[in-house]
Amino acid sequence: MEISGKIIMVLPERGGVSQRSGSEWKVASYVLETMEQYPRKCCFEVFGTDRIAQFNIQVGQMLTVSLDIDAREYNGRWYNQIRAWKVVPYDPNAVAAPADPNAGFGAAPQAAPFPAAASAAPAPAAAPAPEAQAFSGESNDDLPF
């Protein structure tokens, strides 16, 4: 899954030593906000010191992030895990329609992740239909009010 937006928060890195292998591990978490009409936030993780350094994510960057989503159960509770495997700078010209229109956060397909600049000239108003002009004083709708 891919999501584009602006990094609004970089959370503190977490780390430790693996009980199985004895090697050190490190995870960094980031919050990305989409730039849609109704912005959504997504907290994702980058696992591994090498990837954290490679991606070098900073607050305010506009990025497109490829994510893996997984869930696991622990003591009868379920936990989601969202990990980034690819991070690239956002390119507004590379917006393509998804293969599955229901993919992403919402059920309705989005035209583009970022709104385009409004045009300078408004669209011309449509002329009333000839039938509506013939009844001069009466409404064409069937609403009771």
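**Salt bridges**

I began with the charged side chains and found that Arg14, Glu45 and Arg83 are linked in a network of salt bridges, a salt bridge being a side-chain nitrogen of Lys or Arg within 4 Å of a carboxyl oxygen of Asp or Glu. I was reading a predicted model, in which local features need pLDDT of at least 70 and side-chain atom pairs count only at pLDDT 80 or more, while totals for chains, interfaces and linings use all residues. I numbered residues from 1 along each chain as its sequence is written, and the side-chain values use heavy atoms, with hydrogens and water left out.

I noted glutamate 45 as buried at 16% relative accessible area and arginine 14 as partly exposed at 42%, where buried means under 20%, exposed over 50% and partly exposed in between (1.4 Å probe, protein chains only).

By the salt-bridge rule the count comes to four. One of them joins lysine 26 and glutamate 13 at 3.6 Å, N to O. Lysine 26 lies in strand β3 and glutamate 13 in the loop between β1 and β2, so the pair ties together parts that are 13 residues apart in sequence. I recorded lysine 26 as partly exposed at 30% relative accessibility, and glutamate 13 as partly exposed at 44%. I also found lysine 41 in a salt bridge with glutamate 33, with the closest N and O atoms 3.5 Å apart; lysine 41 counts as exposed at 55%, whereas glutamate 33 is partly exposed at 21%.

**Fold and hairpin**

I then read the chain as a whole and noted two helices and six strands, in the pattern β-β-β-β-α-β-β-α along the sequence. Strand β5 (residues 62-74) and strand β6 (residues 77-89) run antiparallel and are joined by twelve bridges, and two strands pair if DSSP finds at least two bridges between them. The two strands form a hairpin with two residues between them, and asparagine 75 in the turn has a positive phi of about 55°. I checked glutamate 73 as well, and its bridge partner in β6 is tryptophan 78.

**Nonpolar core**

I asked which residues have the most contacts inside the largest nonpolar core. They are Tyr30, Phe44, Val46, Ile57 and Val65, in a core of 16 residues, and the elements giving two or more residues to this core are β1 (2-10), β3 (24-33), β4 (41-47), α1 (49-55), β5 and β6. A nonpolar core here is a set of buried Ala, Val, Leu, Ile, Met, Phe, Trp, Tyr and Cys residues joined through side-chain atoms within 4.5 Å.

I looked at threonine 64 in strand β5, which counts as buried at 11% relative accessibility. Its side chain makes a polar contact of 2.8 Å with the side chain of serine 4; a polar contact is a pair of N or O atoms within 3.5 Å, where within protein one must be able to donate a hydrogen and the other to accept it, and residues adjacent in sequence count only if both atoms are side-chain atoms. Leaving aside neighbours within four places in sequence, I found threonine 64 in contact with residues including Glu2, Lys86, Val88 and Tyr90.

Proline 12, by contrast, sits in the loop between β1 and β2 (14-17) and is exposed at 68%. I noted that proline 12 and tyrosine 30 are 18 residues apart in sequence and 8.9 Å apart in space, C-alpha to C-alpha.

**Confidence**

Lastly I checked pLDDT, the predictor's confidence in each residue from 0 to 100: the chain averages 79, and 66% of the residues score at least 70. Over residues 115-120 the pLDDT is below 50, and this stretch has one contact in the model beyond near neighbours in sequence.

Key. Helices (H or I, at least four residues) and strands (E, at least two) are DSSP runs, numbered from the N terminus. Contact means heavy atoms within 4.5 Å.
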